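Please keep the viewer open as you read.

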Amino acid sequence: SSTRVLLEKEITIRAEELDKAQKIHTNNDISDGGYEVRKKAVLEAAERLGLAENALAEIDENEWENSVHARAAKMLRSLCRKNGGTYIKVGQHLANLDHLLPPAYIKILYSLFGDAPVTPIEDVREVIKEELGAYPEDIFEEFAIEPIASASLAQVHVAMKDGKKLAVKVQHRGLRETSKGDIIALETVIGIVDSMFNDFKWGWICEEIAPNLPRELDFVFEGKNAEAAAKHIERTGLDCVIPKVHWDQTSSRVLVMDFEEGHSVTKLEEIKKSGVKKSELATLISSVFQSQIFQSGFVHCDPHPENVYWRMSEKGKPQLVLFDHGLYKQLDDDFRMTYAQLWKSLLIADIEGIKESCSSLGVEEMYPLLAAMLTSRPFDEVIEREKTKAFTSKESLDVTSDAAMIRGYAQQYLKEIIQMLDKVPRQMLLLFKMNDCLRHIDHSLGSPANTLIIAGKYATETLYVNSKNENGLLSRVREWISYVLLVARIKGYEMASKSWLIDYK
């Protein structure tokens, strides 16, 4: 319609205004007198773009689906669904990049999470027979023909055995064999792209997918990951459930677990209906994953919305349910300590500490970019907080405008981001993926979780615990004092924010 056309033109104009304002802002010294003026121009341009994007999102659904971005996203989704397996995983990852891609891509590609192509029941029966030695009707008292969900590698059926409700995850038939060809094809295409465009290095994609896919295709490996993760979660005291594995019916292509009820964390209507506070849910989600990173170093690297569910506990508080434990990364201790030091430095806006930590991770001149990628905030906010000694920037935008500003910076530095991904330690790549997934969830919830505070708190505690192993008494005392003072600051910030957290719905 004419309204949609006008809005699309306005969005193009507003995006150009934001891009111009951001370039002027980032190409000037923060210490000069025009800093506040330039920053205000960026915030106002982001707000105008956010308003235009909100207006477009509110028009008739049929008109929205005919937009250029929507048509392109549907073609990409069709390509992913047709080729399956690895291609769906790539499409799922794109669906988490709402700080980089237009909203139409996010909305359309999101369906790849729980509505991937379904394997016919005849093939499902044969896979179970090949793996467990009998057809499902001979193993279970009941076995649902229709799956409750289908993803890139497998689909899940509900079953009953000994009066207990179970979830049976069955790998798509033939995927184990075709996945090898998919990886070879991906490596070939990326090799060609790398040779044609010297400034763009995409090899990190293969380095992320190729070594991990065989492990994801082994459900015994996934079951062991689930049990290890459950032991860590139990030690933290965080309210999070991981389904129990039934090993007597589990093999490399069939995984049987307890069936756990819940809702996807991005199903906002269920959250609203329950009355649960988004702030509590978002804080719990962030706490679970930050505890994995900094405490155990054993990290679930695929927390997309269909793998992270919630339900109300008996205490009337949100309780998480984590699914799909095929993609985990064990961080080595040296990396974990360096990463913790980086996040502590980000929290307290210690620029020299940020530089030192980034250097240890192989990043020298581009340390502001790495900091911005991890926090999804422009680095000048760190510089500002160094002066104010605050944990947050004084300006704030609504969620849509904030996302528009972040997306603008990401597009402006796309070339540098790709170069960065080729420089960082390989174990950092899966953390970037995890951060993208969590950022998408938090954005869907209205961004009520202060990831900087939560990550910084876990990082600080990890560094303090590690300092107890140091030999020097003076070093241990110094670390203890630093820890106590910082924890006191964090507690003070949380108390000051309490009224907002209580009111946030």
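## Strands, a helix and cysteines

Strand 2 (residues 149-150) pairs with strand 3 in the antiparallel sense, over 2 bridges. This is a predicted model, in which local features need pLDDT of at least 70 and side-chain atom pairs count only at pLDDT 80 or more, while totals for chains, interfaces and linings use all residues. Residues are numbered from 1 along each chain as its sequence is written, and side-chain values use heavy atoms, with hydrogens and water left out.

A word on terms: helices (H or I, at least four residues) and strands (E, at least two) are DSSP runs, numbered from the N terminus. Two strands pair if DSSP finds at least two bridges between them.

| Partner of strand 3 | Sense | Bridges |
|---|---|---|
| Strand 1 (residues 142-143) | antiparallel | 2 bridges |
| Strand 2 (residues 149-150) | antiparallel | 2 bridges |
| Strand 4 (residues 164-171) | antiparallel | 8 bridges |

Which residue of strand 3 stands opposite Phe143? That residue is Ala159, and the bridge partner of Ala159 in strand 4 is Leu166. Further along, Ala149 has Val156 of strand 3 as its bridge partner.

Now to helix 21 (residues 426-444), whose 19 residues reach 28 Å from the first C-alpha to the last, close to the 27 Å expected at 1.5 Å a residue. That expected span is 1.5 Å times one less than the number of residues. Helix 21 is mostly covered, with 16 of its 19 residues buried. Just after helix 21, Gly446 takes a positive phi of about 95°.

How many disulfides does a search of the whole structure find? The search finds 0, a disulfide being a pair of cysteine sulfur atoms within 2.5 Å. For Cys301, the closest cysteine sulfur is in Cys437, 9.1 Å away and so too far for a bond. Cys301 is buried, at 0% relative accessible area, and Cys80 counts as buried because its relative accessibility is 3%.

Finally, confidence: the chain has a mean pLDDT of 84, and 88% of its residues reach 70 or more, where pLDDT is the predictor's confidence in each residue, from 0 to 100.

Note on methods:
Buried means under 20% relative accessible area, exposed over 50%, partly exposed in between (1.4 Å probe, protein chains only).
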